Amino acid sequence: MKILIMGSGGVGAYFGALLARSGNTVTFVARGANLQALRERGLSVKSINGDFNLETVAATQHPAEVGVVDLVLMCVKAYSVPEAAALVRPVVGESTTVLCLQNGVEASQVVQQYVSQGSILPGVARVSAHLSSPGVVRHVSKIQEIIFGERDGAMTPRVEFLDASFREAGIQSVPSDRIDAAEVPETKAMLLRLAGEVVSVAEALGIPLRPDLARSTVELMLSMDRQSSQPIKTSMQLDIESGKRSELDSLIGVITRKGKQVGVATPVADMVYAALLPVDLLARNALKKALL
């Protein structure tokens with residue numbers, strides 16, 4: 001494969017080194033001292049799994065110089081995605097895959113403003129690696145996973161091909177049919193705990209609910225978002241984002257109140273309510289009064 005590593009910090013340099021060592025044609029996009037070191041000395045990997053050196057690597061500051069590639073690994077920080085996406089546009093052809101490995105859930109949506117939506121695969125990198133000095137990456141975790149998949153969960157030929165290529169390179173490849181949830185596993189866990197609190201409060205109030213209701217509700221929410229061409233936003237989220245009074249008290253506050261009433265702890269609902277309440281109070285012009 002012809003691969004462009006967009007962002008040659010710890011994550012990009014480490015995964016790029018593994019892919020180059022396994023025989024792929026890899027170009028690292030870097031700048032400053034790191035770019036100079038890559039050009040002059042190559043890339044040195046200090047890893048818990050064994051050290052190795054790439055004496056010669058291709059490195060550039062300008063992706064357009066590389067031409068069309070088979071795979072772009074987007075490894076820049078989330079706040080740099082718009083700039084990076086604009087720079088990689090010239091290397092994206094009809095069969096190019098752009099694999100986004102940023103933290104958070106919006107990177108792939110941002111990238112599709114610059115390249116075709118069909119070229120994009122959302123993903124997650126789980127690895128502890130950093131540049132200890134220019135041209136030297138230190139990898140300190142046994143975990144070195146790339147989790148990725150199609151938005152609709154399909155096991156497409158390109159997912160299968162990338163899976164095989166990553167495994168051949170020694171990367172722990174994890175194709176996912178629920179990549180939106182995989183992007184932020186902590187958030188999914190929080191949603192499950194919040195839904196579980198609702199079930200516990202309802203049961204304490206004498207309202208019987210299905211045992212699997214919490215999990216099935218969260219899975220339904222994630223499924224709806226995966227099947228949508230744009231991120232789904234609830235009316236409460238839209239109200240909060242636009243500075244309008246929301247239904248925070250009726251949707252979240254009620255969980256905390258009823259929980260206290262029946263002696264059921266609701267720590268997640270309490271946290272969400274407390275975090276969003278100042279915004280809601282401000283929208284009602286009541287923040288100053290509440291602070292007095």
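Me: How many bridges join strand S8 to S9, and in which sense do the two run?
Reply: Two strands pair if DSSP finds at least two bridges between them. In this predicted model, nine bridges join S8 (residues 120-133) to S9 (residues 136-148), and the two run antiparallel. Gly123 has Phe148 as its bridge partner in S9. Two residues lie between the strands of this hairpin, where Gly135 takes a positive phi near 80°.

Me: Which other strands pair with S9?
Reply: Strand S3 (residues 43-47) pairs with S9 in the parallel sense over four bridges, and Lys46 stands opposite Arg138 there. S9 also pairs in the parallel sense with S10 (residues 172-175), over four bridges; the partner of Phe148 in S10 is Pro175.

Me: Why is strand S1 described as largely enclosed by the rest of the structure?
Reply: Buried means under 20% relative accessible area, exposed over 50%, and partly exposed in between (1.4 Å probe, protein chains only). Four of the five residues of S1 (residues 2-6) are buried, so the strand is largely enclosed by the rest of the structure.

Me: What are the partners of S1?
Reply: S1 pairs in the parallel sense with S2 (residues 25-29) over five bridges, and with S6 (residues 69-74) over four bridges, also parallel. Met6 has Met74 as its bridge partner in S6, while Ile5 stands opposite Phe28 in S2.

Me: How are the strands named and the residues counted?
Reply: Strands (E, at least two residues) and helices (H or I, at least four) are DSSP runs, numbered from the N terminus. Residues are numbered from 1 along each chain as its sequence is written. Local features need pLDDT of at least 70, side-chain atom pairs count only at pLDDT 80 or more, and totals for chains, interfaces and linings use all residues; side-chain values use heavy atoms, with hydrogens and water left out.
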